[in-house]
Amino acid sequence: MRTLIAAAFALWAVSLCAAADDPSQDAADVADQVRSQGYACAEPLSATRDEAASRPDLPVYVLTCANATYSVKVIPDQGAVVTKEQ
């Protein structure tokens, strides 16, 4: 079971790292991960890559929801590091 969860997360991380054509899908994907970790995201509005905070192997996204904004650091094979913005 643990291997299956790790594999699913790895696929999710790869999909976020790949260049996407649909920004609304990026927001939905990042919001799904944030919600799965217990954070509230009522309506994902956007997810933009934070180039200043990102590294080639460690993307960071700013997720804007209707009720909150989060910084989301995508770590392969682990849960994302989510920080609620003020």
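Good morning. The model is a predicted one, in which local features need pLDDT of at least 70 and side-chain atom pairs count only at pLDDT 80 or more, while totals for chains, interfaces and linings use all residues. Residues are numbered from 1 along each chain as its sequence is written, and side-chain values use heavy atoms, with hydrogens and water left out.

Let me begin with the overall plan. The protein has two helices and four strands; here helices (H or I, at least four residues) and strands (E, at least two) are DSSP runs, numbered from the N terminus. Along the sequence, these elements follow the pattern α-α-β-β-β-β.

Next, the sheet. In what order do the four strands of the open sheet stand? The order is β1-β2-β3-β4, and the pairing is antiparallel. Two strands count as paired if DSSP finds at least two bridges between them. In general, strands of a sheet pair through backbone hydrogen bonds, either parallel or antiparallel. At the edges of this sheet are β1, residues 44-49, and β4, residues 81-84, each of which pairs on one side only. On average, neighbouring strands are turned by 20° against each other, direction ignored; the axes behind this angle are lines fitted to C-alpha atoms, for helices over the stretch in contact, and angles run from 0 to 180 degrees between N-to-C directions. Strand β3, residues 69-73, is joined to β4 by four bridges. Within that pair, S71 stands opposite T83 in β4.

I turn now to the disulfide, defined as a pair of cysteine sulfur atoms within 2.5 Å. A search of the whole structure finds one. Its partners are C41 and C65, whose sulfur atoms are 2.0 Å apart. Which parts of the chain does this pair tie together? C41 belongs to the loop between α2 and β1, and C65 to strand β2 (residues 60-65), so the link ties together parts that are 24 residues apart in sequence. The torsion about the S-S bond is about -100°, so the disulfide is left-handed. Both C41 and C65 are buried, where buried means under 20% relative accessible area, exposed means over 50%, and partly exposed lies in between (1.4 Å probe, protein chains only).

The salt bridges come next. Such a bridge is a side-chain nitrogen of Lys or Arg within 4 Å of a carboxyl oxygen of Asp or Glu, and the structure holds three. One of them joins R35 to D32, with the closest N and O atoms 3.1 Å apart. Both residues lie in helix α2 (residues 23-36), three residues apart, about one turn of the helix. R35 is partly exposed at a relative accessible area of 33%, and D32 is partly exposed at 45%.

Another salt bridge brings together the side chains of R49 and E51, at 3.8 Å from N to O. Are these two residues buried or exposed? R49 is partly exposed, with a relative accessible area of 30%, whereas E51 counts as exposed at 58%. There is also a salt bridge between D57 and R55, at 3.8 Å from N to O; R55 counts as partly exposed, at 47% relative accessibility.

Finally, a figure for the whole protein. Of its 86 residues, 33% count as buried.

Thank you for your attention.
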